[in-house]
Amino acid sequence: SRGLGDVYKRQVLLRIMIGSLPRKYSVVIWMYYYQDMAVCEIATVLERSTAVVYRRLREAGQILRASV
């Protein structure tokens, strides 16, 4: 099992990785996962379609998975 130190390190690393993404991706990741905003809310705030928000979430996830 992982200790709390390992969990903390993973969280810090993930935040660093999200921060290194292009802004169009990091903003939607932050809003969705850390602010618990719905896709439709994010779309409204960013003045983008929900399809764009979904695409950016998917692409951001692909970038993050590829960098692990």
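Let's start in the middle: the largest nonpolar core has 16 residues, and Leu-21, Ile-29, Ile-42, Val-53 and Leu-57 touch the most other members. (A nonpolar core is a set of buried Ala, Val, Leu, Ile, Met, Phe, Trp, Tyr and Cys residues joined through side-chain atoms within 4.5 Å.) Helices H1 (4-20), H2 (23-34), H3 (39-46) and H4 (50-66) each supply at least two residues of this core, with the largest share, 5 residues, coming from H2. Helices here are DSSP runs of H or I with at least four residues, numbered from the N terminus.

A word on the model: it is predicted, so local features need pLDDT of at least 70 and side-chain atom pairs count only at pLDDT 80 or more, while totals for chains, interfaces and linings use all residues. Residues are numbered from 1 along each chain as its sequence is written, and side-chain values use heavy atoms, leaving out hydrogens and water.

Now zoom in on Ile-29, which sits in helix H2. Its relative accessibility is 5%, so Ile-29 counts as buried (under 20% relative accessible area, with a 1.4 Å probe and protein chains only). Leaving aside residues up to four places away in sequence, Ile-29 touches Ile-18, Leu-21, Tyr-34, Leu-57 and Ala-60, where contact means heavy atoms within 4.5 Å.

Conventions. Buried means under 20% relative accessible area, exposed over 50%, partly exposed in between (1.4 Å probe, protein chains only).
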